[in-house]
2 protein chains.
Amino acid sequence: MQLQGTHLIAGKHTARDKDSFRAQDPRTGQSLPTKFFEATPQDVAAACSAAAEAFPAYVAVSSATRASFLEAIATEIESLGDTLIDRCNQETALPAGRLMGERGRTVGQLRLFASVVRDGSWRDLRIDPALPDRTPAPRPDLRQMQIPLGPVAIFGASNFPLAFSVAGGDTASALAAGCPVVVKAHPLHPGTSELIGEAITRAATATGMPAGVFSLLQGQTNAVGAALVQDPRITAVGFTGSFRGGKALYDLAVRREVPIPVFAEMGSVNPVFLLPGALEQDVDQLAEGLSNSLNLGVGQFCTNPGLVILPEGPKADRFLEALGGKVRGCTAGTMLSEGIAGAYRSGVERLLAHPAVTQLETSQSAGAGRATSYVFTTTTDAFLADRALEEEVFGPATLVVRAAGPEDFMRIARHLGGHLTASLFGTAAELAEHGELIQLLTRKVGRLIFNAFPTGVEVSHAMVHGGPYPATTAVAVDSVGTAAIRRFSRPVCYQGFPEAALPAALWDGNPRGLVTAGGWGVDTVS
Amino acid sequence: MQLQGTHLIAGKHTARDKDSFRAQDPRTGQSLPTKFFEATPQDVAAACSAAAEAFPAYVAVSSATRASFLEAIATEIESLGDTLIDRCNQETALPAGRLMGERGRTVGQLRLFASVVRDGSWRDLRIDPALPDRTPAPRPDLRQMQIPLGPVAIFGASNFPLAFSVAGGDTASALAAGCPVVVKAHPLHPGTSELIGEAITRAATATGMPAGVFSLLQGQTNAVGAALVQDPRITAVGFTGSFRGGKALYDLAVRREVPIPVFAEMGSVNPVFLLPGALEQDVDQLAEGLSNSLNLGVGQFCTNPGLVILPEGPKADRFLEALGGKVRGCTAGTMLSEGIAGAYRSGVERLLAHPAVTQLETSQSAGAGRATSYVFTTTTDAFLADRALEEEVFGPATLVVRAAGPEDFMRIARHLGGHLTASLFGTAAELAEHGELIQLLTRKVGRLIFNAFPTGVEVSHAMVHGGPYPATTAVAVDSVGTAAIRRFSRPVCYQGFPEAALPAALWDGNPRGLVTAGGWGVDTVS
């Protein structure tokens, strides 16, 4: 399959400018063949205009057909076969096995959201029947449902070139809600993005979607993203990436003439608390689990365990010795890009230069573009004294904080800002005794984990991938579980509408068979 | 009952400064007896600190007890009897009958949210059971529920001194979600606010709530509100009032070190579309309905019908003649304050001076502080040519736009920004024919109304009081229906937690008997 390097605007390959860039193979630093065009302001406007034009038609598409569209995207992605895996591997250096797993996750997400579209639970149907005889005033018939927000801008993430990128969870949930999507491809995997974009376009054509339901813009400058977020036709933004990138988009979005929500997931250090009981058990196994989680995807996961808190003492020392051994034996992996590898080295150097931080162990030293794994240690007081020690170092580095006792656990938990996750290791009895710590951590994170490391985010109904700022810019939402669809919808109420003028979802007797909450739909409020 | 003029911080009457202000009787312009203190930065900090301290204890309160707290507030408000109505009438000039109705709505809201707390539907429980045998990787047990955000700042509205003020819908829904509340009282009704604040404090004491669950701050300068929104312990803001006020708070909140959501409902002109069939019917009755809605509460309603679109022609002229007659016969009412009356006069003068706007009729001319009702007319082209004609004139003024035909209806609908409501009058058959107009309006408003005027916002499950910007700063939420509780909650996921360490709401078998959605809790995603 020949890559074209163009944008895909409402089903058409488009290129207006001469500015271009190439993807690199991170292993060699060599440029890959295809030239990709930088989107111009006109390209951004054309994509947004097409999305706005497609919106009414896409809203009018039946749920069954919209679900088929999502499923067709999944099938088209599978049909790309090794072409996709090979190009993605060239652009990201992520191993084929990992990418095949990620592809499975991506098509699974699309099919899961298709099922959510079909069951209609996300509509949150609410019906208050008319009470014509109520005094002093009758109640009109009131019917509420969730409707799509409008055209959505999605930013692909570098570290999940499939599952959090062009057809990732953000796109799947926005399309599921009925929102046309304009994707800004991540410049580290433009070819992968083009292949996926074409798969979406073929699925849209095959299922009869309006052309503007999906567009893909290429570009490596911030100007493309900035123009996209500021386009007046865009009604919400989905983003997964760095704090700097997400916060910049948020700052643009809240300063628009019409401000819009930005759902930016910006990573975190995901504190792991080892309760004393955890160190009474097989510390070798625990150390191996931590080392594996730390090094998964060369540490390039939003849920990477970058902070470990443990009770100091001989058992901690034994665990750290085991951890050092595991990390020492790691093979350095290639990071997604020289830029990311450089940022990782800077982060590591910052810790190496920190007077209160000690290097415990490293993996074998790595060549250019490859990441050496690091374990650092510090004291509770040093950690509490420097906010910078809570900042994410994107890559396979973790900081172990020695706590003098239970009160240090509480001091650290109180000090923490927002994170995606917090993990607790120990015995069940110990967990039950740490109610106050759990309560405190609950206020700081989106997901609390017992006896497991934070990497591995299940795509399901109950998952929460989100959390308080600075982990995200929107604490009340999730970006992986099925509730992620709610980011892209809003409620509307119809008052006194005759059935013929109502959406069928709101007709008496629920003829569409949507899933409704038990308490709603029949209740009478006087 | 003797008013003290102090703040109520965590149950204690507090006053630190010598700066003070008095409420006025809008009918006479005379100051009312009690001096109210202006909250200092220290007062704001003390209230926020008490709220943060109370948060863990309030989270730990059982749902049943929290519901009793809300019900106790309702009972305490009722116990204030005529003291409340009299003071409120002095401060607002709103008639006693209206205020008694508003009190009924206020206690009804509190009791409705108590029922939501008891049924637990707002928790949105989601359970994905563990799949230990799944390949390639087992699924852990995942359980999600909504938890409260944290301390919330609420700003009382001038125009609903009870239902949207100290113990109004914002406070009721925030307390229901488990969030401590710091209310900034509206300076136009500080005595009413103090009485209600004391009622809440008594209810908190009687039901054993932590003292900091509620605080009330008085003040007439913007500095108090600004300090409150910027306090790092505040996690969300509820506001009902002017666009200028709401937008100012939004701008502060998004620029904080930790940005927080602002749920500001800022009013709108609530377009009313008269389809041709509406003018075939009893135009006298229609005119009376519009005049009543326009003049309700001296036009000081967020849902006031400030814009009417009708098909020009002899029938429109007959309707306008009838409307003119109704409005001419209106008695001028006293507005909430001289400031509000002055702003209304400025808005009217702007329309009077507009070259393309014609004054159709006014009510009898009014004295100082009293509002004359106005009906203006203009053409579709003139309306489309000037964005300012869509701005709210807070008071009993409405602008009638003459449309040449159905296409003008569409042009106007396309041109509209965000509004709380849109109303359509006509026959059921006509409504069914206007699918495209309805679809267009659905994208612009939170509530669509057939054959009724927008004033009168039912407090129920299906109500939506909200809408796209500039009607609100948060399009995806509602501030009157029971879904309003969702503004103040966020999801958290527990992974692999033994039952003993989980909140009881998430135990197997749903022992708390919470309302759960049919589709969740049993589903298996592979």
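**Figure 1. Contacts and overall build of chain A.** Of the contacts in chain A with a separation of 6 or more, 76% link residues 24 or more positions apart. (Two residues are in contact if their C-beta atoms, placed from the backbone, lie within 7 Å.) The model is predicted: local features need pLDDT of at least 70, side-chain atom pairs count only at pLDDT 80 or more, and totals for chains, interfaces and linings use all residues. Residues are numbered from 1 along each chain as its sequence is written, with chains lettered from A and ligands numbered from 1 in the order written. Chain A holds 16 helices and 21 strands. These are DSSP runs numbered from the N terminus: helices are H or I of at least four residues, strands E of at least two. Buried residues make up 62% of its 526 residues. (Buried means that 20 or more other C-beta atoms, placed from the backbone, lie within 10 Å of the residue's own.)

Figure 2. Strand β7(A) spans residues 152-155 and is covered on both faces. A:Val152 and A:Ile154 are buried on one side, A:Ala153 and A:Phe155 on the other. In a regular strand, side chains alternate between the two faces of the sheet. β7(A) pairs with β8(A), residues 181-184, in the parallel sense over four bridges. (Pairing requires at least two DSSP bridges between the strands.) Here A:Ile154 stands opposite A:Val183. β7(A) also pairs in the parallel sense with β10(A), residues 236-240, over four bridges. In β10(A), A:Gly238 is the bridge partner of A:Ile154.

**Figure 3. The side of chain A that touches chain B.** Here 65 residues of chain A are in contact with 65 residues of chain B. Elements giving two or more residues include α4 (96-119), β6 (142-148) and β21 (489-495) of chain A. β21(A) gives the most, with seven residues. This side of chain A divides into 38 nonpolar, 16 polar and eleven charged residues. (Ala, Val, Leu, Ile, Met, Phe, Trp, Tyr, Cys and Pro count as nonpolar; Asp, Glu, Lys and Arg as charged; the others, Gly among them, as polar.)

Figure 4. β20(A) and β21(B), residues 489-495, run parallel and are joined by three bridges. A:Leu448 has B:Tyr494 as its bridge partner in β21(B). The same surface serves both copies: 100% of the contact residues of chain A recur in chain B.

Conventions
Buried ≥ 20, exposed ≤ 12 C-beta atoms within 10 Å, placed from the backbone.
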